[in-house]
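Here's a quick briefing to read with the structure open beside you.

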Amino acid sequence: MKITLLGATGSIGTSTIDVMLRHPEQFQAYALVAHRNVNLMRELVEKVKPEIVVMTDEAAYHRLKGTLPQHVQLEYGMDAAEVVSAADEVDMVMAAMVGSAGLPATLAAVRAGKRVGLANKECLVTAGRIFMQAAKESGAEVVPVDSEHAAVHQALAGHDRDSVTRIILTASGGPFRNRDPESLKNITVAEAVAHPNWSMGAKISIDSATMMNKALELIEAKWLFDAKAEQLSAIIHPQSIVHAMVEYRDGSVLAQLAMPDMRSPIVYAMQAEPRLESGIPWLELAQSQPLEFQAIDEARFPAMRLVKGVLAGEDSLAVALNAANEVANQAFQDGKIGFMDIVTTVEKVLGQTHDIHLETLEDVWALDMETRRIAEEIITL
Ligand SMILES: NC(=O)c1ccc[n+]([C@@H]2O[C@H](COP(=O)([O-])OP(=O)(O)OC[C@H]3O[C@@H](n4cnc5c(N)ncnc54)[C@H](OP(=O)(O)O)[C@@H]3O)[C@@H](O)[C@H]2O)c1
C-alpha cells in the first residue's frame, strides 16, 4: 500500500512512520508532506525513502533543496500537497497536518476516492457536511485516527446503526482535572502542554487542557457517525484506557480498550483486518490502576457547555468555534492571553456568529477568515 503522509514531522506523522517501519512489506511511502521542520524531514526521508517530499513553507523548501538524495523529488506549497494526496499511485493518505490548513489536501484525497486515515479533526469540524458528501460521491473510505473515534468505529462495526442510543467519548480531563478553577488563571504554556497520558503536539495538548479538544471531537463524531446532538456525550476517564463506548437500545454498552498510544488507532486506520502488530504495550488490567469515570463539570470546563449549542446548531457555529479556538490557542502560546481567556474568547466569538447552513467551501473559508478577524480583535482589546 503506497501512502502519502500529511504532517509527517508531527506527533501523529512520526508515529505513523513507526508503524510503517514495522510493516515494510505492507506500507511504502509515496510522499511525505510537512511545513517547516527541515531537519526532521531529512531524517524521515532516510528512514522511509519516499518518492516525493513536499514542504508547504517556501523558506523550508529552499533550506531542504539540494540536501536530499537525488531520486527524491522535492516540491513546495499547498497545491503540491493536494497533488500528492490525489495522485494515482497513492492508496492511502494519512491526514495528520494540524489545524484547518489540513483541509485542502485531505479533501483532495477524499475527492480522489482514497482511503483516508483522518487524524486532522479540523477537517470535519469546519467542513463536515462537504467532506462526508465528497466521500459518499467518490467512495473514499474515511477511517478515524483520533483514538476515541477509532474506538467508536470498532464498537459500531457489524452492528445495526439504528439501534444506537448513545456514543460516549472519554476524556482524560487533562492536567487540570482536579485543580481549583480559580488557580487556572495563571497556568503557563508548559503546564498546559504537559498532558498526563498522551504525548502530543502543543495545540492539541492545550485543547485537551481546556477540553476544547473534546468539544471538537464531539463535532467530529457527529459527522463521522451521522449522529444527532442528543446521541453524543463525553465522560471523564482519567486513565485513558477506555477510549469510547457505544450504547445500544437494549442497554448493552460496547467499549474499546487499549493502552494510550496513538499507534493503536493509526495501525487500525491503515489496515483494520487482519489486525497488525502496532508496537503498543499490552493492556494488563489486573495490574493497571482502577478504571474511574466521572461526569464533566461544565463550570470547570465551559467548552463542554459551549459545544452543546454548536452540536444542535448549523455548520457555521462549528466553523466559528474552531477558528476562534485556533486563534485563542495560539495567542495563549504567544503569551498574549491567559489560559482561561481561550474559551472566553471562543464564547464571545460565538455570540457574534449567525447560526447558518454552509453549502460550499468558499462559505466555510469566508466565515473562517471573518471569525479569525473577530477573535484577533477581541484578543487585542
Ligand atoms: N497527537 C495526537 O496524539 C493526536 C491525537 C488525535 C488527533 N490528533 C490530530 O492530528 C493532527 C496532528 O496533530 P499532531 O499532534 O501530530 O500535531 P503536531 O505534532 O503539531 O504536528 C503537526 C504537523 O502539521 C504540520 N503543519 C503545521 N502547520 C502547518 C501548515 N500551516 N501547513 C501544513 N502543515 C503544517 C507540521 O509540520 P512542521 O512540524 O514541519 O512545521 C507537522 O508535520 C491534529 O489535527 C490533531 O488534532 C492528534
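Predicted model: local features only at pLDDT ≥ 70, side-chain atom pairs only at ≥ 80, totals over all residues.

**Helix H2**

- H2 runs over residues 38–48, and its buried residues include Met41, Leu44 and Val45.
- Those residues span an arc of only 105° around the axis, so they sit on the same side of H2.
- Just after H2 comes Lys49, with a positive phi of about 50°.

- As background, most residues other than glycine have a negative phi, and most peptide bonds are trans.
- Met211 isn't a glycine, yet its phi is positive, at about 75°.
- Look for Met211 in the loop between helix H9 (202–210) and helix H10 (212–224).
- Met211 counts as buried because it has 30 C-beta neighbours inside 10 Å, and the cut-off for buried is 20 or more.
- Asp226 is another non-glycine with a positive phi, this one about 50°, and it's found in the loop between H10 and strand S9 (232–236).
- With 10 C-beta neighbours inside 10 Å, Asp226 counts as exposed, since the limit there is 12 or fewer.

**A cis peptide bond**

- The bond from Glu273 to Pro274 is cis, with omega near -15°.
- Pro274 is in the loop between helix H11 (263–270) and helix H12 (303–312).

Key:
Residues numbered from 1 in each chain as written. Helix = DSSP H or I, 4+ residues; strand = E, 2+ residues; numbered from the N terminus. Arc of directions from axis to C-beta.
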